[in-house]
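Please look over the sequence and the model before reading on.

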There are 2 protein chains.
Amino acid sequence: MGLRDRFNKLTGGTRFVVDLASTDLAILVETKVIFICTPIVAILPTVNQLIPFLNPNTILTDVGSVKAPVVDAIAPLWTNFVGGHPMAGNSDSGIEAAQTDLFVSKPYVLTPIASTPLAAVAIVEKIVKRLRAKIYQCHPQDHDRAVSWISHLPVMISGSLIAACQSEDNREVLKLAQNLASSGFRDTSRVGGGNPELGLMMARYNRDELLRSLQHYRHNLDRIVDLIEQKNWVELEQQLQSNHAARSHFVRE
Amino acid sequence: MGLRDRFNKLTGGTRFVVDLASTDLAILVETKVIFICTPIVAILPTVNQLIPFLNPNTILTDVGSVKAPVVDAIAPLWTNFVGGHPMAGNSDSGIEAAQTDLFVSKPYVLTPIASTPLAAVAIVEKIVKRLRAKIYQCHPQDHDRAVSWISHLPVMISGSLIAACQSEDNREVLKLAQNLASSGFRDTSRVGGGNPELGLMMARYNRDELLRSLQHYRHNLDRIVDLIEQKNWVELEQQLQSNHAARSHFVRE
């Protein structure tokens, strides 16, 4: 591949999505806002690499899916930092996967802290609004607790379903279960059978909140087991009805 | 509604799906095969009601989603009984919900026991084949254990996810979680937020197998919690990879 081809591949080429590209970080001195779109593990090293080249007015923001450890690490290094988490996307990547309306009506969480300049938050918000995303603002810890409930906990309980089914030691029953599995199993096991690297990242970076939600989850599961053991069908039905009603607060179908 | 309208509503009227309808059970004396399509709780009372009117050659079969308690109850009363479980359908009901191809390529489990006449099994199989369903034959207990893994256990673990999320006592975090929930939460919570009566039926009629699969599940979940507590990322990643690989044996996407 020639230099021009490599440049086009990296930058989107004739799509005109890049005005200026370089490996020389000195070009960043004029930049107003920088979006750091690396995996969480690379955010801090990236910021450390950029800092010597930045104008102090430059605003940094990131797109990491866990916020407290990122904000705790970056805020002391760069005042004009606004933690962010756009909750959209799919498993595709690269310029070919670009979608104009990817963020429309999707949540985009910003997690400023007491020391974050309001002007920096306002500028990031202005950009996010143009994507037509739904903006939420909260403390980094509140973000991490909320995504543990609705994203990281589901991965662990869904994965444990697959592991438990695979543990069936009667080979005929296991084969039958694999043959009979349909939409209920497919949906309940989907996130648990997803990208192992993402699951690991959730556990590493959101460990405390994930452990907390797992403890609550076990408590709720133990209660269900107790009700079934005690044949307490009245309370079991009440719990199932309560689950049915509560789901509509999370899922708009 | 006049008598003709009521008859049409009950029988499908001008759809020509009914040749003869009556509330007089004496018409059953000529019947070769009877499909009992009631909720599980009504199967035994229905069979007891029909027996005085049946020719001994008549084959009975049912469509209950738990098999051992049904077969244990009916086989001693009627030799020509073949337990069955067609695994297709949706939440609609009544003649308006009828679909010609409902059973095509869907599992249809038959659970004959040692005393079931082979001729009776062959006749039910012949009818099921015309529906183009995938026929499986197994012991009633093996059926109940397999469906506990892939259908009844998922309902309980998925419901516990909803209950655990609702237990968040910080109202702002709960509201945020409800706002941020997307496809991962939607899929993982779907069967747990479903029809409470169905969930209760699974627990009542498949209690022993469901409790067994719940114990295995708790064991697997506890292992995940331990790995995260110990920061054993190597083994956690192996487990997530193993879940990812195992899912393909259950789900053909």
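## Basis of the model

This is a predicted model, in which local features need pLDDT of at least 70 and side-chain atom pairs count only at pLDDT 80 or more, while totals for chains, interfaces and linings use all residues. Residues are numbered from 1 along each chain as its sequence is written, chains are lettered from A and ligands numbered from 1 in the order in which they are written, and side-chain values use heavy atoms, with hydrogens and water left out.

## Overall form of chain A

Chain A contains 10 helices and 6 strands, these being DSSP runs numbered from the N terminus (helices H or I, at least four residues; strands E, at least two). Its C-alpha atoms occupy a box of roughly 70 × 50 × 30 Å along the principal axes, and 46% of the 253 residues are buried, where buried means under 20% relative accessible area, exposed over 50% and partly exposed in between, with a 1.4 Å probe and protein chains only.

## Backbone details

Helix α9 of chain A, residues 207-229, reaches 32 Å from its first C-alpha to its last, and just after α9(A) comes K231(A), with a positive phi of about 50°.

Most residues other than glycine have a negative phi. R132(A), however, has a phi near 60°; this residue sits in the loop between α4 (118-130) and β6 (134-137) of chain A and is exposed, at a relative accessible area of 53%. In chain B, S105(B) has a phi near 65°, lies in the loop between β4 (84-86) and β5 (107-110), and is partly exposed at 48% relative accessible area.

Methods:
Expected span 1.5 Å × (residues − 1).
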